[in-house]
Amino acid sequence: MRKFHAAVCAVLILTLTACGASQSGSSDTGSISFKLQVKRPVTVFPVAAASADICTDYDISFINANVVVPPSNDPVGYGYWDCSLHEGIIGDVPAGRGYTIRLTGTVGGSILWSGEKSGVSVTGGEITDAGLIIMDYKGPDEIPPEISSTTPSDGAGDVPVTSVITATFNEDMAASSINDSTFILRAGGIAIPGTVVYDDHSRTATFLPSAILDYSKSYTANLTTGVEDMAGNNIDPDYSGSQWDFITESEPAAAPLAPTRIVAASGNGQNTITWDATPAATSYNIYWATASGVTKATPAKIADITTNTYTHTDLSNQTFYYYVVTSENSFRESDESYEIASSPGALDADANPPIGFISINDGAASTTSTAVILSIAASSTKGITHMFISNDNITIGSSTPWEAYTTSKSWELTEGLGRKDVFVWFKDSTGIYNTTPVPATINLN
């Protein structure tokens, strides 16, 4: 019977049709094709003599496919065929976007392998190639999934209003079952708008609120019984770990501190600015110019940034852009951060050492004081994080006292009249630095 079914399916595959569904030429429906990879178990029963086909080795009989529409997961298409074909085509799928293909592999009537692929679109009258779908061994799993950790934790207080809500599971989950209909955040019984994403590698579901949370408010996060693992087991309705509560922080009575660890990584026509998240901040502002001396009075402003990174685009390559960042909350905006600068460029190799320049007293030829101001700028595709300044052209070593990169620095020249040299080295976020320092010269009169 199995050989007969395989032969029939093989013929149907050649005519672009899968067992259980027929391809439609209608403009209202289309088909989905894909290749299949079934992964070998690594912790369970071995086979005596492994062949080239895992389907044969483990007697995987049929592959079943369902096309569903998140978040309800209503089925809109299906198909089934012999596992050894390692590919399939599902026909008569209504034209649409955002479909999820859910595959299961059965042995003796039990689902032991499963996999899925989300974000598939179907065009009427056409065959959409969904690419490779990988099926992992799940075993005879009949145990409902559980949550191993959450953030915030249950009962937490003083939670920042900028928080995202996460739940990490104890096993691989069906990503299509985790959405804004099954992962819900409420306050006073009212659902909070937000976006839900699931990361397969960490097994973590994240609820991203559409806006910052309210101060001093109680929230309840809940994962419903619609959430299921890759074997099709739903969360047990009596499982208490699927719901947790927390209370947000009180409204601040002071402005947040200025951001620190500012880094600007250069790219082709853009700079990506990052900084450390600031406690009590609900948003950030970036002020910028093409000359040093940026403050909050600088007209060019990028306001209301709710993450601690921003990519500044539509810039001119080989032009230095100067930045300061401020934090803000409902009380007030912070002072400016220290200033940094970066020059966009179409650099091919991320391993290139940083480039930059230094000048003394705005490029003056001479000075009568050993106390001077250094103007500094540098760029790297990885972002400049540190600098080292010296009056001597020394050799950089493991004990070099690097300091945070900034564009202005008060400096003391060596005593004695005559030519004075200052040297600067720059280090990027990967630890690469320019082994040949960038020099500047001035005469002390």
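Mentor: Let us start with Asp214. This is a predicted model, and in it Asp214 has a relative accessible area of 38%.

Trainee: Why is Asp214 called partly exposed?

Mentor: Buried requires under 20% and exposed requires over 50%. The 38% of Asp214 lies in between, so Asp214 is partly exposed.

Trainee: What makes the pair Lys217 and Asp214 a salt bridge?

Mentor: The criterion is a side-chain nitrogen of Lys or Arg within 4 Å of a carboxyl oxygen of Asp or Glu. Between Lys217 and Asp214 the N to O distance is 3.0 Å, so the pair qualifies. Lys217 has a relative accessible area of 32% and is likewise partly exposed.

Trainee: How do you know that Arg419 is exposed, and which residue is its salt-bridge partner?

Mentor: Arg419 has 58% relative accessibility, and exposed means over 50%, so the word applies. Its partner is Asp421, with the closest N and O atoms 3.1 Å apart. Asp421, at 23%, counts as partly exposed.

Trainee: How many salt bridges does the structure hold, and what makes the one between Glu116 and Arg102 a tie between separate parts?

Mentor: The structure holds 9 salt bridges. In one of them, the side chains of Glu116 and Arg102 meet at 3.6 Å, N to O. Glu116 belongs to strand β6 (residues 110-122) and Arg102 to strand β5 (residues 96-107), so the pair ties together parts that are 14 residues apart in sequence. Both Glu116 and Arg102 are buried. Arg102 and Glu116 are also linked with Glu228 in a network of salt bridges.

Trainee: Where do β5 and β6 stand in their sheet?

Mentor: They belong to an open sheet of 7 strands with mixed pairing, in the order β3-β2-β5-β6-β7-β1-β4. The twist averages 25 degrees from one strand to the next.

Trainee: What makes β9 and β12 edge strands?

Mentor: They belong to an open sheet of 5 strands with mixed pairing, in the order β9-β16-β15-β11-β12. β9 (156-159) and β12 (190-191) each have a single partner strand, so one side of each is left without a neighbour in the sheet. Elsewhere in that order, strand β15 (residues 218-223) and strand β16 (residues 243-248) pair in the antiparallel sense over 5 bridges. Ser218 stands opposite Ile247 in β16.

Trainee: Why is Asn391 called buried?

Mentor: Asn391 has a relative accessible area of 19%, and buried means under 20%, so the term holds. Asn391 sits in the loop between β27 (384-390) and β28 (403-404).

Trainee: What makes the approach of Asn391 to Trp411 a polar contact?

Mentor: The limit for the pair of N or O atoms is 3.5 Å. The side chains of Asn391 and Trp411 make their polar contact at 2.8 Å, so the distance is within that limit. A polar atom of the Asn391 side chain also lies 3.2 Å from the backbone oxygen of Glu412. Beyond its neighbours within four places in sequence, Asn391 is in contact with residues including Leu413, Thr414 and Phe423.

Trainee: Is Thr150 buried or exposed?

Mentor: Thr150, in strand β8 (residues 147-151), has a relative accessible area of 18% and is buried. Its side chain reaches the backbone oxygen of Pro152 at 3.0 Å. Leaving aside neighbours within four places in sequence, Thr150 is in contact with Thr166, Ala167 and Trp244.

Trainee: Finally, how do you know that the protein is more spread out than a compact globule?

Mentor: The secondary structure comes to 2 helices and 31 strands. The radius of gyration is 30 Å, whereas the globule rule gives 22 Å for 445 residues; the value is well over the rule, so the protein is more spread out than a compact globule. The C-alpha atoms fill a box of roughly 100 × 50 × 50 Å along the principal axes. Of the 445 residues, 46% count as buried.

Note on methods
Residues are numbered from 1 along each chain as its sequence is written. This is a predicted model: local features need pLDDT of at least 70, side-chain atom pairs count only at pLDDT 80 or more; totals for chains, interfaces and linings use all residues. Side-chain values use heavy atoms; hydrogens and water are left out. Helices (H or I, at least four residues) and strands (E, at least two) are DSSP runs, numbered from the N terminus. Buried means under 20% relative accessible area, exposed over 50%, partly exposed in between (1.4 Å probe, protein chains only). A polar contact is a pair of N or O atoms within 3.5 Å; within protein, one must be able to donate a hydrogen and the other to accept it, and residues adjacent in sequence count only if both atoms are side-chain atoms. Contact means heavy atoms within 4.5 Å. Two strands pair if DSSP finds at least two bridges between them. Axes are lines fitted to C-alpha atoms, for helices over the stretch in contact, and angles run from 0 to 180 degrees between N-to-C directions. The radius of gyration is taken over C-alpha atoms; the globule rule is 2.2 Å times the number of residues to the power 0.38.
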